[in-house]
Amino acid sequence: MSTRHHVVIGSGVAGNQAAETLRQRDPDSRITMITISRLPFFNRYDLPRVFYGARDWRRFIIYPAEYYRENRINLRRATRVVSVDSASQIIKLEHKESIRFDSLLVASGAGAYLPEDLSEFRPLMHGFGAYREAVTVAEALPKAGHAIMLGGDTIGLDLARTLLDTGHRVTLVAGPYTFWPHEVAEKDRPKFIEALTKMGIVVVEQQERGGIASIETGAKGLAARKLTFHDGSELAGDVVMPFYGVMPSLDFMLGSGVDIERGLLVSPNLRTTNENIYAAGDVCQIWTDKEHKYCFYHGWKNVRAMGELAAKNITGADEPWVPTQDETLRLTKEGKIESPFWEYQ
Amino acid sequence: MAGIEFGLDFLVDMHRGVKKTVGKRVAVIGAGFTALDCARVAVRLGGEEVTIHIRTSEEYIPITQEEIFEAKREGVRIKGLRSPMKFVLDEEGKVSGVEFAQNRLGGWREGGRRIAIPIEGSEFVEPCDTVIVAIGQQTVHEFSDLPLQLDKWKNARLSDNGMTSQPGVFAAGDYVSGASTVVQAVGHGRKLARRIDTWLLGRDRHRQAVRIEPVERPLRERASDFIPRQHMPTAKLGKRVKSLACEVETGMDLATAQEEAKRCYLCHLRYQIDVDRCIYCRACIEVAPRSCIKLVGGVEIGADGTYGKLQETKEWNKVGAIWIDNNECIRCGACYNVCPIKCITISRCELTEVEVEA
């Protein structure tokens, strides 16, 4: 009987897929899943549905509490990991508890990246990564309200489709992140921008206006937010939402002894530089022999496959990572943008 | 080669008012404060894509997080895990890019830094219009023909009295320690001045002493532990990147500075319990926010008869004394305030100098 203690940090797609695979391959082990989220595994990709009136958090839950009980996964919600000691295989939690692990899978995902030059305006912006944030945006946006999206990225553009569909106006301040994580050639960019315009999005090129100078609260009786560009032009909207891609959530791994660049550096079998620690999902940079560099892989399908692979390798396999998702941004015959990252149903 | 600058020369030229220009895409190679300064100056000179290329990753470079954050706010990007291999030149001999090799992290270097190992066959080119190389500096000896003994880093080697291998020739600052900060150089200069004085006089003019004086009451409150670090105000982003003369850190106002100063632990204050008067009521132990007050059972005595560490005990029948561990003490004054017989004293200990009579 295995008495190994597998600890998974993160309860997103990668973490849950890994826990499921660990339970199948190592039935008698202990599995602990630690998440900072108050909600159990919820469907982040479904959050735009709050604009169709879905405001009950239960609507978004994928696995109920019973699932974790039945599978003997000890789910620790609303729990913050503050450090990991890879040498002594101990995780420290914010409330001073220490947890020893035999294997650790870091699947803590990534949070929205906000460029440093906009950080001082953070309190005036609305995020969209968690259920509570989604509800807050829905409440802040009046009927036929105006959302200003900064950056773009595929998460933002997905939300823009919903906002337009529900009768809201969307202005996109476009820049290098507009189609992130897709890599769009400079020559192809105009046709994708045109497709956004056809969708009904008002596109403003940030560079043409010299960048964003400030975001302020709107005057009484006017829209809630005023955005000013360096060329002096202004935009008024009910919410300002930044979409500049994501940044790995791995503060707790700093000083752990595991190698980090922007994400946790892992070999093709998803193992970090410590033999007992693996990583999966948006938090890791995977070495690719073909390209000779460490790469991030995003998207629901990739992340789920990473969770499964990491769990397999933790339990004795030694298989390399193979991307599972097409990452090409496409235009349909009707001229609509289609991103494979939106195929999460 | 056109389009290639050396970091320190670039900064010194700027400081001296030499007119400099950079291209739209600027590649800065290096991982220290000089590299960061070069990148931020390049932004002010109109560089639109300014990137610092480093061998390891942000976690291991010797720059403070605040500096990195401010540089990023100004638009500087940092790209890691790459070693420069060669410059790429266009047909006119002007730099058009830098060829890098992808790195992996290797073992550890002193000071918590990492070794970067280039991966064979992983070379790639980053296009750029200007390259600023800021990968370290060497001590300059050309101004002197004195045959000084140097250490393995080619810096002047000093004897204990601060003198070089040439009698009567002293050295200080970067010439001895290699590239460091102005603060360290000034400190070294002051120490060396005293050594020169001692050498000229033939004896020490001063000797160090500790001045101890009583303090009437605690000078710090427990609440000060919960004051967050006060942020240094900075100039508006739009204003600062358009000017080479605009100070970035604008300084704290009086109220903010006072709040920040309250966070000081006042380590020069020493709390002591007079064990002859103490009634061992435990009140001080109960109010102490940390394990700073200890019950002592005995003292380690070395083979040569010297006193060693204090031996703690939790058994009351073995307690020989009660003691405040000033390394743990946060000078909150809780013990002083609660003591029913006022057997706790506070003293201020300051290092000072006294004149030595001839």
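**Helices, sheets and domains of chains A and B**

Helices (H or I, at least four residues) and strands (E, at least two) are DSSP runs, numbered from the N terminus. The model is predicted: local features need pLDDT of at least 70, side-chain atom pairs count only at pLDDT 80 or more, and totals for chains, interfaces and linings use all residues. Residues are numbered from 1 along each chain as its sequence is written, while chains are lettered from A and ligands numbered from 1 in the order in which they are written.

Helix H2 of chain B covers residues 33–44. The expected span of a helix is 1.5 Å times one less than its number of residues. Burial was assigned by counting C-beta atoms, placed from the backbone: a residue is buried if 20 or more others lie within 10 Å of its own, exposed if 12 or fewer, and partly exposed in between. In H2(B), 10 of the 12 residues are buried, so the helix is largely enclosed by the rest of the structure. Among the buried residues are B:Leu36, B:Cys38, B:Arg40 and B:Val43. Contact means that the C-beta atoms of two residues, placed from the backbone, lie within 7 Å. The cover over the buried residues of H2(B) includes helices H1 (7–15) and H3 (65–73) of chain B. It also includes strands E2 (25–29), E3 (49–53) and E8 (130–133) of chain B.

Chain B also holds an open sheet of 3 strands, in the order E9-E14-E10, with antiparallel pairing. Two strands pair if DSSP finds at least two bridges between them. Strand E9 (206–215) and strand E10 (269–273) of chain B stand at the edges. Each has a single partner strand, so one side of each is left without a neighbour in the sheet. Neighbouring strands of this sheet are turned by 35 degrees against each other on average, direction ignored. Axes here are lines fitted to C-alpha atoms, for helices over the stretch in contact, and angles run from 0 to 180 degrees between N-to-C directions. E10(B) is joined to strand E14 (residues 344–355) of chain B by 5 bridges. Opposite B:Ile273 stands B:Ile344 in E14(B).

Chain A has an open sheet of 4 strands. Their order is E11-E10-E9-E15, and the pairing is parallel. E11 and strand E15 (239–243) of chain A are the edge strands; each has a single partner, so one side of each lacks a neighbour in the sheet. The twist averages 20 degrees from one strand to the next. Strand E9 (residues 146–151) of chain A pairs with E15(A) over 5 bridges. A:Ala147 stands opposite A:Val239 in E15(A). Strand E10 (residues 169–174) of chain A is linked to strand E11 (residues 202–205) of chain A by 4 bridges. Here the bridge partner of A:Ala174 is A:Glu205 in E11(A). Between E10(A) and E11(A) the chain passes through helix H5 (residues 189–199) of chain A, and this β-α-β crossover is right-handed. Right-handed means that, with the strands pointing away from the viewer, the path from the first strand over the helix to the second runs clockwise.

The loop between E10 and H5 of chain A contains A:Pro181. The peptide bond from A:Trp180 to A:Pro181 is cis, with omega near 5 degrees.

Two residues of chain A have a positive phi although they are not glycines. A:Arg72 has a phi of about 50 degrees. A:Arg72 is found in the loop between helix H2 (65–70) and strand E3 (73–76) of chain A. A:Arg72 is exposed, with 12 other C-beta atoms within 10 Å. A:Asp153 has a phi of about 55 degrees and is found in helix H4 (residues 153–165) of chain A. A:Asp153 is buried, with 26 other C-beta atoms within 10 Å.

A:Ala236 lies in strand E14 (residues 234–237) of chain A. A:Ala236 is partly exposed, with 15 other C-beta atoms within 10 Å. Leaving aside neighbours within four places in sequence, A:Ala236 is in contact with A:Gly218, A:Leu222, A:Ala223 and A:Lys226.

Domain bounds come from an automatic or database domain assignment. Chain A is given domain 1 (5–111 + 247–314) and domain 2 (114–244). The centres of these domains of chain A, taken over C-alpha atoms, are separated by 30 Å. Their contact takes 12 residues from domain 1 of chain A and 12 residues from domain 2 of chain A. Chain B is given domain 1 (4–133), domain 2 (139–202) and domain 3 (215–227 + 262–355). The C-alpha centres of domain 1 and domain 2 of chain B lie 31 Å apart.
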